[in-house]
Amino acid sequence: MKYTTRQSAILLLSDGTIFHGKSIGISGTTFGEVCFNTGMTGYQEIFTDPSYFGQIMVATNPHIGNYGVNDNDVESDSIKISGLVCKNFSFNYSRADASGSLEDYFTKQNLICISDVDTRALVSYIRDNGAMNAVICTDGTSIEDLKVALSNVPDMKGLELASKVSTAVPYFFGDENATYKIAALDLGIKTNILRNLAKRDCYIKVFPYNASYSDLSEFNPDGYFLSNGPGDPEPLASAVQVAKDILSNNKPLFGICLGHQIIGLANGISTYKMFNGHRGINHPVKNLLSGKGEITSQNHGFAVNKEELELNPDLEITHLHLNDETVAGMRMVNKNCFSVQYHPEASPGPHDSSYLFDQFIENIKK
């Protein structure tokens with residue numbers, strides 16, 4: 001009965017293309033850059049990943065909500081996506097340790113969702129035409145009004161979003177008696193990154209996105225970490241300066257995703273917005289140092305410039321994405337610094353790259 005009485009809804013793309021579906025949860029409109037994730041599981045982790053702030057997520061898995069939600073399956077304190085587009089939404093769920101339904105979860109956190117969309121056609125369209133802004137409307141607002149509102153939504157290129165998801169005040173994670181102390185710059189950090197560091201005998205102090213190097217160094221850390229996060233890296237001048245200061249003092253530094261891009265910018269390597277980006281948990285990467293392949297979890301719409309990196313004598317490419325040869329990892333030749341464009345903390349997802357956290361600890365020991 002719930003299925004047949006749901007309100008009609010639409011997804012309007014910035015180029016005027018319309019996809020029709022049914023409303024889930026609350027009524028209203030929501031805006032963001034539309035993108036898709038190819039992971040077959042882990043929807044709650046995706047929805048709460050701060051790196052997705054400002055984006056409307058298209059789920060390629062045709063079944064969403066079938067295992068409900070669990071309070072432990074989160075990467076932050078709340079849903080961070082702007083909205084969800086899916087094919088089949090499950091109001092009923094079957095999971096022994098579920099704490100509730102995805103529908104109730106959306107309603108409590110005011111997320112707007114549209115289901116019954118031809119997501120195969122939508123993903124194919126995005127792949128051909130690129131990521132673009134869009135609006136989900138579930139309240140009957142006219143197409144003309146939606147187009148006007150959508151035209152005023154800023155493009156992701158040039159958009160600084162780390163300030164929207166970063167902590168406002170520093171906080172600690174892990175055992176204060178741990179062997180190693182890590183200062184982490186929160187640009188949108190995922191909780192499982194902190195778990196992975198704590199599991200390796202680290203005590204982490206997490207700092208706001210605009211903290212200075214002197215702020216971080218007062219903790220007297222053994223190593224520094226630059227986190228993942230949303231938006232364009234280029235506007236983050238303060239984070240780039242922090243990276244420069246860490247490197248000038250030759251301290252151990254590890255960056256993931258947006259942190260990887262910040263390290264590139266700190267070395268004079270430009271970044272660019274990708275046509276579609278990489279989002280999923282089955283992306284193939286080759287480790288150029290070991291010759292081994294890795295299946296990785298990825299979530300990024302920007303990348304560092306490969307040609308500029310190859311010409312920089314201070315940097316070395318360590319990992320390549322095998323689908324498009326984009327840079328997936330790099331390290332500095334004469335500094336204790338490395339970074340990757342993907343997520344070794346993947347949960348759920350492949351654990352092929354979890355060795356990178358061990359590598360960070362080994363660099364600290366040196």
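This report walks through a pocket, a helix pair and some annotated residues in a predicted model.

## The largest pocket

Let's start with some empty space. Rolling a probe the size of a water molecule over the atoms shows where empty space is left. In this model, the largest pocket holds about 280 Å³ of space. Its lining is made up of 16 residues, and those nearest the centre are Arg 127, Gly 277, His 278, His 283 and Asn 323.

Two elements give two or more residues each to that lining: strand 3 (29–37) and strand 15 (271–287). Strand 15 has the largest share, with nine residues. Sorted by class, the lining has eight polar, five nonpolar and three charged residues.

## Two packed helices

Next up, helix 8 (residues 237–248) packs against helix 9 (residues 258–266). Their axes are 8 Å apart and meet at an angle of about 70°. Angles of 65 to 115 degrees count as roughly perpendicular, so that's the label for helix 8 and helix 9.

Who touches whom? From helix 8 come Ala 239, Val 240, Ala 243 and Lys 244, while helix 9 brings Ile 262, Leu 265 and Ala 266. Of the residues in this contact, six are nonpolar, one is charged and none are polar.

## The annotated active site

An unreviewed UniProt entry puts the feature "active site" at Cys 257, His 343 and Glu 345. These residues are spread over 89 residues of sequence, yet they cluster in space, with a largest C-alpha distance of 11.5 Å.

From this set, His 343 is part of the lining of the largest cavity. As for where to look, His 343 sits in the loop between strand 19 (337–340) and helix 11 (355–365).

Methods. Residues numbered from 1 in each chain as written. Predicted model: local features only at pLDDT ≥ 70, side-chain atom pairs only at ≥ 80, totals over all residues. Heavy atoms only, no water. 1 Å grid on protein atoms, 1.4 Å probe; cavity = no way out; pocket = protein on both sides within 12 Å on 5 of 7 lines; lining within 4 Å. Points joined across faces, edges and corners; volume = space filled by probe spheres on them. Helix = DSSP H or I, 4+ residues; strand = E, 2+ residues; numbered from the N terminus. Nonpolar A, V, L, I, M, F, W, Y, C, P; charged D, E, K, R; others polar. Axes fitted to C-alpha atoms, helices over the stretch in contact; angles between N-to-C directions. Parallel < 35°, antiparallel > 145°, perpendicular 65-115°, else oblique. Contact = heavy atoms within 4.5 Å. UniProt positions renumbered as here; feature names shortened; annotations may be inferred.
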